[in-house]
Each structure stands twice: as structure tokens, then as C-alpha cells.
Amino acid sequence: MLLRVCCPSSFFYLRPLHLFSSTAKVPFCPSLPRQFRLSPSRSSSFRRMESSPASSSSPTPVTDSSADSLAKDLQNQSLGAVDEGVKIKKKLEDFNWDHSFVKELPGDPRTDVISREVLHACYSKVSPSVEVDDPQLVAWSVSVAELLDLDPKEFERPDFPLMLSGAKPLPGAMSYAQCYGGHQFGMWAGQLGDGRAITLGEVLNSKGERWELQLKGAGRTPYSRFADGLAVLRSSIREFLCSETMHCLGIPTTRALCLLTTGQNVTRDMFYDGNPKEEPGAIVCRVSQSFLRFGSYQIHASRGKEDLDIVRKLADYAIKHHFPHIESMDRSDSLSFKTGDEDDSVVDLTSNKYAAWIVEIAERTATLVARWQGVGFTHGVLNTDNMSILGQTIDYGPFGFLDAFDPSYTPNTTDLPGRRYCFANQPDIGLWNIAQFSKTLAVAQLINQKEANYAMERYGDKFMDEYQAIMSKKLGLTKYNKEVISKLLNNMSVDKVDYTNFFRLLANVKANPNTPENELLKPLKAVLLDIGKERKEAWIKWMRSYIQEVGGSEVSDEERKARMDSVNPKYILRNYLCQSAIDAAEQGDFSEVNNLIRLMKRPYEEQPGMEKYARLPPAWAYRPGVCMLSCSS
């Protein structure tokens with residue numbers, strides 16, 4: 001059985017059968033049953049997780065979903081929402097460090113940075129080694145500083161760039177690089193690890209929240225292989241801008257405290273074509289509750305029985321610090337569910353905390369991917385080492401937001417042969433990655449086969465629930481209408497309509513069934529460009545059905561527009577906008593970087609005077625290096 005998301009023909013399928021017939025040959029991952037199928041859940045979802053709307057076999061009302069609740073929490077976070085009263089303002093020297101990762105998990109006994117296989121360890125202690133020459137702070141996030149209780153005046157310190165580049169030790173830090181592996185483009189890649197990222201440690205804020213600080217581009221580690229552990233300005237600008245943009249869009253993500261230049265050049269072959277060049281070096285200070293990935297567990301399961309206990313220790317660590325509600329479950333919660341198997345088996349999540357954990361990770365991941373699809377975001381490199389256990393967007397490489405709607409769009413030149421990670425495939429890949437993570441926990445005997453199957457079933461159900469709710473809200477529908485949404489996306493695909501601008505303009509349509517035919521498409525004139533008579537008729541037909549659908553509700557045109565504008569951004573971080581900022585920054589002008597920072601803080605608002613940032617991309621935006629990039633940094 002295929003679980004199909006309502007989209008143009010052949011787009012967005014969740015294909016459980018092919019997930020277990022990958023070309024990847026990984027001896028430590030036993031195949032899960034090929035008979036597994038995604039089916040609508042016949043029970044309520046895990047109550048201690050985000051609640052799911054009922055499975056949708058028929059049109060369902062659109063209500064505030066868990067994704068919306070999560071978005072509201074994230075947006076409150078971006079405003080630095082705290083209890084009324086005096087905010088805590090600390091200096092860098094006053095951070096409340098905890099270092100639980102280093103203290104509670106096995107580490108590498110060696111402290112050198114020679115590239116090597118690191119066995120029986122979750123991390124290697126390593127200090128930043130990047131060389132700097134008058135480093136300069138060029139961008140920062142006050143809202144991230146507030147998460148850390150950091151006084152924004154600290155950004156003005158002369159030695160701030162030195163301390164946040166690692167050139168000058170940050171008092172209390174205990175730096176390390178994490179060991180992990182992963183599947184890259186469907187093939188097991190073995191040990192990977194933090195090759196250019198160095199975590200300084202965990203800061204506990206005044207609310208008791210745990211935030212890891214990590215420097216990306218701070219020098220070599222044992223996981224750097226043949227690379228230098230450095231980062232260049234263009235990729236660092238992209239990461240800083242996109243992580244903060246995603247946050248303000250209400251999408252779970254790692255954050256960025258600051259971006260600085262090192263004053264040193266770094267040599268990179270951007271297109272892997274034998275033409276390296278020198279580029280300005282830079283460092284981003286990334287912030288997250290945790291940088292644990294699926295691959296953090298896979299690497300230890302791949303190394304046989306001797307390291308399986310590390311998988312358990314890592315799971316216990318994650319549950320203790322990042323999923324504490326799972327520890328407090330008991331049988332009175334009655335979290336038992338039928339799996340949909342032919343033998344009508346039951347999975348009891350209260351009897352195995354690891355099963356409850358993988359199910360929550362599956363649901364968080366499904367919610368994340370659904371929200372990506374809603375704003376037209378394509379990650380570009382959905383390897384298992386780039387999948388956060390927290391359900392956050394992590395590792396911004398060759399990402400891209402859709403301009404013209406093209407479900408096969410991939411922003412990654414390395415992905416071009418098969419387009420494995422293209423926009424339309426992201427829901428499938430999310431499920432594939434959950435399958436690999438489930439296998440890892442099964443190998444470590446933390447979950448059984450039925451529990452793994454249930455986690456994947458929940459991924460499918462959760463994704464469908466969230467995606468249908470998101471798309472309904474984008475169209476201003478009070479209930480999900482498969483036919484209206486499917487035909488719309490087909491039309492958009494045929495005519496390569498701008499994804500972001502279309503939905504923003506659609507909010508201006510009046511639900512008047514008596515609108516003359518020659519006026520039906522006027523609200524969409526700016527995005528329906530160069531369409532012939534046949535295509536115009538197709539759009540008019542769709543518009544009639546859309547007006548009939550929205551006109552059947554009691555929601556006024558004004559209220560519908562307000563609701564649609566609250567979920568359809570006016571501004572997104574188009575690749576050409578990033579490139580314009582990068583081009584100027586490489587000449588020492590960071591004004592456009594900061595313009596984009598200000599713009600993306602309020603992506604759903606009109607922002608008079610900033611309309612140029614919502615324009616359709618110019619012709620040069622489609623050249624290599626702008627619309628598509630490699631994994632090179």
C-alpha cells in the first residue's frame with residue numbers, strides 16, 4: 001500500500017517497501033519485514049508527544065495542529081519571551097557550564113587531531129586551532145543571546161571575536177568534536193564525525209534550559225580526514241541567515257549566535273572541477289539543545305557487540321536530558337496501540353522507554369518535513385548524519401527554497417544524477433532515515449521489530465496529518481480538499497509558478513461566485529506569466545472550484561486573507577538574495593547581510609519599502625553556484 005500525499009501525479013509518495021531494498025549494504029542493520037505497510041492509525045497517538053489530528057480518509061476540519069503549537073513556541077522563543085521582571089544579563093565569563101555530554105559518555109583517550117578511526121568513544125576532546133588575523137564580528141542574533149542569558153552588550157567587546165572564534169579560550173568551556181557515522185546518498189559511509197565543528201559545551205540558562213555552543217570552521221579534529229576543518233564566508237553566511245530565517249518561519253532548527261570573519265583565506269574547490277580558489281574564512285557559532293544525530297547512534301551499532309552498550313548509553317543520555325517526560329511514564333498512561341499487522345499485534349510504549357523515544361523522534365521528524373514542504377524548503381543533503389534526534393533542521397549546506405514550483409528541484413549539484421534529495425522526495429527520505437535509525441536501535445536490542453514498525457507507521461500518519469493541515473491553511477480552507485489541492489499543485493508544476501508569491505497573492509481572491517471570467521485570474525496576474533489559452537482555461541476552471549470551496553464557509557474574505565497571510569510568508573531566503581549578500585560581503589560590505597537579517601525576522605509581514613525582496617528571481621539567479629551548490633564549504 002502506498003501512502004500518497006495529495007500532489008501532482010507521482011510526487012510525494014511514502015514508499016515503505018523500497019525503504020528496505022536500498023542499494024546500501026550495511027551488515028549491522030537487519031532488514032525489517034517487507035510486509036510492513038503504512039496504514040492509518042486506529043488509535044490515538046502517544047499522549048505525551050505532540051497530539052495528532054485524526055487520520056484523514058475523508059475531508060477533515062483544519063484546526064491548530066501540533067505544528068502550529070510548536071511554531072508559536074518557537075516564535076515566542078525568538079522574542080526572548082521570559083517571565084515578567086528583570087532579564088538575566090551575563091557576561092561570557094559568567095556562563096553556567098554543565099558539560100554533561102563529556103562527563104556522562106565515553107570519550108576518546110587521545111587528544112591529538114590526527115585523522116583516524118576513533119573507537120569506543122562518543123567524542124574526542126579537541127581545542128579550536130583556526131588561525132585568525134584581526135577577526136571581525138559581522139552578524140549576531142540578540143534573540144539567541146537572550147536564550148543564553150547573554151547581555152547583548154557583550155557583542156561590543158573587543159575580544160568577543162577572539163573568544164567566539166576559539167582563538168582565545170572561553171572561560172569554563174570544555175571543547176570536543178562528536179563522533180558519528182551515517183548513510184550518505186543511501187550508502188553507508190562509516191565514520192564521519194565533526195570534521196570542522198567543535199562544541200564548546202553546554203550552557204544552562206536561568207530557566208534550566210540546556211544550550212550547546214558549537215563553532216563551525218574552528219579547525220581540525222580527528223574526524224577532518226584530509227580536510228582543514230575550516231569554513232568559508234559564503235557557506236557561513238548561508239548557514240547564519242537560513243537558520244535564523246527558519247526559526248522566524250516557525251520551523252524547528254538549530255540557531256546561530258554570531259558570524260565572524262577570521263581575516264584568513266581558505267582554499268576551496270567549489271564545484272569539485274579542479275579549479276580551487278582562495279576565499280575569505282569565517283566561523284559561525286551554532287546553538288542547539290543538542291547536536292546528536294541519527295548517525296551518532298549508527299556508528300556504534302556498526303562496530304559490533306563491543307559498542308552496542310554505547311548505543312544504550314547515548315539513548316539513556318538523550319532521554320534523560322532532552323526527553324525527560326519519557327522517563328516519567330508509567331503503565332497508568334495506557335499507551336498501547338495496535339500496529340496494523342495481520343496478527344493484530346499491540347505495541348505498549350509504557351513498557352519500553354526506547355520504543356516511546358523512537359516514536360516521538362519519528363513524529364517530530366514528520367512534523368519537521370511537513371513544515372519544510374509547506375514553505376517550499378529543500379534541505380539538499382538529507383543523509384542520516386544530518387538528521388537531528390530533536391526533529392530540528394540541522395547542517396545547512398546546499399539548501400534552497402523553491403522559486404518556480406518544481407517538485408524535482410534539488411539545490412545540490414552532487415545530487416543531480418538521481419535527485420535523491422529533491423523537494424518531492426523529502427517525505428520519503430525522512431521515512432527512510434527513520435527506518436535506518438530504527439534498525440540501529442533494534443540491533444542494540446533497545447526495541448523490537450514491531451516497535452520499529454510502529455514508529456514508521458506513526459511517521460507516515462503524522463506527516464499526512466501535518467501536511468494536509470498545512471496545505472489547507474495555505475489555501476484558506478476550513479477543511480481538507482484533496483481534489484482542489486491536487487489540481488492546484490499540478491497546475492503550478494506545469495506552469496512553473498512561483499511557490500511563495502502564488503500563495504501570498506491567492507489570499508487576495510474574493511469568494512464571489514459571480515466574478516466575471518475575465519477577472520478571475522487578476523489577483524494572480526503577477527505569477528501567471530506567459531500562459532496560453534489552454535493553460536488559462538485550466539486555471540479558470542481551478543479558480544471556479546476554489547471560490548466555490550472557500551465560499552461555502554462562513555469565513556469572510558478579510559478574515560481568510562489574514563489567516564492565509566499568517567501562514568504564507570511574504571519573504572523567504574531565496575538563493576539569489578543570499579548570493580547578493582555574499583558577493584557584497586566578500587568585498588567587505590556586510591550591509592546586505594544585515595538587511596536580510598532584519599527582513600527575515602518578520603517573514604509574514606508586508607514590510608513597506610522591502611517589496612524588492614519578494615520579486616521573482618532575475619535571470620542570473622539560475623546560474624550554477626546560485627540556484628545550485630555543491631557540498632563544498
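**Helix packing and selected residues in a predicted chain**

The secondary structure of the protein chain amounts to 17 helices and 16 strands, where helices (H or I, at least four residues) and strands (E, at least two) are DSSP runs numbered from the N terminus. The model is predicted, and for this reason local features need pLDDT of at least 70 and side-chain atom pairs count only at pLDDT 80 or more, whereas totals for chains, interfaces and linings use all residues. Residues are numbered from 1 along each chain as its sequence is written, and side-chain values use heavy atoms, with hydrogens and water left out.

Of the 633 residues in the protein chain, 61% are buried; here buried means under 20% relative accessible area, exposed means over 50%, and partly exposed lies in between, as computed with a 1.4 Å probe on protein chains only. Contact means heavy atoms within 4.5 Å, and among the contacts in the chain between residues at least 6 apart in sequence, 75% join residues at least 24 apart.

Helix H10, which covers residues 426-443, has 18 residues. From its first C-alpha to its last H10 reaches 26 Å, close to the 26 Å expected at 1.5 Å a residue, the expected span of a helix being 1.5 Å times one less than its number of residues. H10 is mostly covered, with 17 of its 18 residues buried.

Two packed helices are described by the angle between their axes and the distance between the axes. Axes are lines fitted to C-alpha atoms, for helices over the stretch in contact, and angles run from 0 to 180 degrees between N-to-C directions. The axes of helix H9 (residues 353-375) and H10 come within 10 Å and cross at roughly 165°. That angle makes H9 roughly antiparallel to H10, on a scale in which angles under 35 degrees count as roughly parallel, over 145 as roughly antiparallel, 65 to 115 as roughly perpendicular and the rest as oblique. On the H9 side the contact is made by Trp357, Ile358, Ile361, Ala362, Thr365, Val369, Trp372 and Gln373, and on the H10 side by Gln426, Pro427, Ile434, Phe437, Ser438 and Leu441. The residues of this contact divide into 10 nonpolar, 4 polar and no charged, where Ala, Val, Leu, Ile, Met, Phe, Trp, Tyr, Cys and Pro count as nonpolar, Asp, Glu, Lys and Arg as charged, and the others, Gly among them, as polar.

The axes of H10 and helix H11 (residues 449-475) come within 9 Å and cross at roughly 160°, and H10 and H11 are therefore roughly antiparallel to each other. In this pair Gln426, Pro427, Gly430, Leu431, Ile434, Ala435 and Ser438 of H10 meet Ala452, Ala455, Met456, Tyr459 and Phe463 of H11. The residues of the contact of H10 with H11 comprise 9 nonpolar, 3 polar and no charged.

The loop between H10 and H11 contains Gln445, a residue other than glycine whose phi is positive, near 60°. Gln445 is exposed, with a relative accessible area of 70%. A positive phi, of about 65°, is also found at Asp395, which is not a glycine. Asp395 lies in the loop between strand E15 (377-378) and strand E16 (400-401), and at 12% relative accessibility Asp395 counts as buried.

For helix H7 (residues 308-322), the 15 residues should span 21 Å at 1.5 Å a residue, and the end C-alpha atoms are 21 Å apart, which agrees. The buried residues of H7 include Leu308, Ile310, Val311, Leu314 and Ala315, together with His321 and His322.

Two further residues illustrate contacts made across the sequence. Gln184, in strand E6 (residues 181-184), counts as partly exposed at 29% relative accessibility. The C-alpha atoms of Gln184 and Asp385 are separated by 7.8 Å, although these residues are 201 residues apart along the chain. When its neighbours within four places in sequence are left aside, Gln184 is in contact with Ala189, Leu192, Asn383, Asp385 and Tyr421. Thr221, found in the loop between strand E9 (210-216) and strand E10 (231-232), is buried, with a relative accessible area of 0%. Its C-alpha atom is separated by 9.4 Å from that of Gln178, 43 residues apart along the chain. With neighbours within four places in sequence again left aside, Thr221 is in contact with Val113, Val126, Ala177, Asp194, Gly195, Ala197 and Ile198.
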